[in-house]
Amino acid sequence: MSKQSKTKLLHIATIGKAVGLKGDLKLHIYSDFPEQFKKNVSFFIDEKQSITISDINHARGLFKIEGYTTPESARKFTNKKLYTTIERTRKECHLEDGEHFWFDIEGCSIVEDGKILGEVVEIDRLASTTYLKVQTAKELVDKKFAKTFLIPYQEPFVVKKDIPNKTIVIDGGMDILEAS
């Protein structure tokens with residue numbers, strides 16, 4: 001997997017269907033930072049095109065795109081993804097102590113008892129639990145273990161995080177891998 005650059009676009013939301021008569025659209029947020037979605041803020045919908053939020057209602061999960069005031073005009077954005085950059089995310093989103101951006105966790109080695117089980121290739125949230133999707137180490141795949149597996153990103157599974165050195169020490173990962 002190639003290392004991410006600062007210009008890589010991060011998928012942070014998907015636009016849903018048009019709602020009502022004034023061009024409102026559903027907003028499905030895939031970010032821990034809903035506060036970044038606010039009036040007059042722009043997001044990419046692809047590498048060359050961006051949209052600007054003209055109004056947002058977080059409680060209802062609705063927003064409007066500047067210049068699109070009817071359901072007919074807004075519908076063309078249904079199923080479009082909203083993106084931002086790593087650089088902008090680092091600048092605008094505040095982390096608490098011990099928290100990390102998902103893009104920094106991707107690429108970390110998963111280690112248990114000094115043995116590398118694999119590498120984090122993706123992070124998923126299912127209900128209220130965050131999971132690390134791990135690409136199993138080649139030596140273990142050669143021994144007929146699953147090619148990928150999920151580990152809950154929480155105690156007691158995560159013992160130690162060393163994100164600057166791209167290592168996460170876990171407990172119980174081998175059991176999960178054997179059951180996968």
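**View 1. The largest pocket and its lining.** In this predicted model, 35 residues line the largest pocket. Five of them lie nearest its centre: Tyr-30, Phe-101, Trp-102, Phe-103 and Ile-123. The volume of the pocket is about 940 Å³. Which elements give two or more residues to the lining? They are strand S1 (9–19), helix H3 (102–105), strand S8 (115–126) and strand S11 (158–162). Rolling a probe the size of a water molecule over the atoms shows where empty space is left.

**View 2. Thr-130 in strand S9.** Thr-130 sits in strand S9, which covers residues 129–136. Is Thr-130 buried or exposed? Its relative accessible area is 13%. The cut-off for buried is under 20%, so Thr-130 counts as buried. Which residues does Thr-130 touch, beyond those up to four places away in sequence? The list holds Trp-102, Ile-123, Asp-124, Arg-125, Ile-151, Pro-152 and Tyr-153. Two names here link back to the pocket: Trp-102 and Ile-123 are among the residues nearest its centre.

**View 3. Thr-84 in strand S6.** Thr-84 belongs to strand S6, residues 81–85. The relative accessibility of Thr-84 is 0%, so this residue counts as buried. Leave out residues up to four places away in sequence, and Thr-84 touches Lys-8, Leu-9, Leu-10, Ile-12, Gln-36, Phe-43 and Thr-89. Now look at Ser-42. Thr-84 and Ser-42 are 42 residues apart in sequence. In space, their C-alpha atoms are 8.8 Å apart.

**View 4. Lys-81, also in strand S6.** Lys-81 lies in strand S6, the strand that holds Thr-84. How accessible is Lys-81? The value is 38%, so Lys-81 counts as partly exposed. Setting aside neighbours within four places in sequence, Lys-81 is in contact with His-11, Ala-13, Thr-14, Phe-44 and Ile-45. Lys-81 and Ile-15 are 66 residues apart along the chain, and their C-alpha atoms are separated by 6.1 Å.

**View 5. Phe-44 in strand S3.** Phe-44 is found in strand S3, which spans residues 42–44. At 29% relative accessibility, Phe-44 counts as partly exposed. What does Phe-44 touch, not counting residues up to four places away in sequence? Its contacts are Leu-9, Gln-49, Ser-50, Lys-81, Leu-82, Tyr-83 and Thr-85. Lys-81 from the previous view is one of them. Ser-54 gives another distance to follow. Phe-44 and Ser-54 are 10 residues apart in sequence, and 15 Å lie between their C-alpha atoms.

**View 6. Asn-40, a loop residue with positive phi.** Asn-40 is placed in the loop between strand S2 (24–29) and strand S3 (42–44). Phi of Asn-40 is positive, at about 70°, although Asn-40 is not a glycine. The relative accessibility is 55%, so Asn-40 counts as exposed.

**View 7. Lys-144, positive phi in another loop.** Where does Lys-144 lie? This residue is in the loop between helix H4 (138–142) and strand S10. Phi of Lys-144 is near 75°, a positive value in a residue other than glycine. Lys-144 has a relative accessible area of 76% and is therefore exposed.

**View 8. A cis peptide bond at Pro-156.** The bond from Glu-155 to Pro-156 is cis. Its omega is near 5°. Pro-156 has its place in the loop between strand S10 (148–152) and strand S11. Strand S11 is also among the elements that line the largest pocket.

**View 9. The whole chain, for context.** The chain has 5 helices and 12 strands. Its C-alpha atoms fill a box of roughly 55 × 30 × 30 Å along the principal axes. Of the 180 residues, 39% are buried. The accessible surface is about 10,900 Å², and carbon and sulfur atoms account for 49% of it. What share of contacts between residues at least 6 apart in sequence join residues at least 24 apart? The share is 51%. Charged side chains come next. There are 28 positive and 27 negative ones, and the centres of the two sets lie 8 Å apart.

Key: Residues are numbered from 1 along each chain as its sequence is written. This is a predicted model: local features need pLDDT of at least 70, side-chain atom pairs count only at pLDDT 80 or more; totals for chains, interfaces and linings use all residues. Side-chain values use heavy atoms; hydrogens and water are left out. Helices (H or I, at least four residues) and strands (E, at least two) are DSSP runs, numbered from the N terminus. Buried means under 20% relative accessible area, exposed over 50%, partly exposed in between (1.4 Å probe, protein chains only). Contact means heavy atoms within 4.5 Å. Accessible areas come from the Shrake-Rupley method with a 1.4 Å probe; for residues, only the protein chains shown count as cover. Lys and Arg count as positive and Asp and Glu as negative; His and the chain ends are not counted. The place of a charge is taken as NZ of Lys, CZ of Arg, CG of Asp or CD of Glu. On a 1 Å grid over the protein atoms alone, a cavity is a set of points where a 1.4 Å probe fits but cannot get out, and a pocket is an open set with protein on both sides within 12 Å along at least five of seven lines; lining residues have an atom within 4 Å of a point. Grid points are joined across faces, edges and corners, and a volume is the space filled by probe spheres set on the points.
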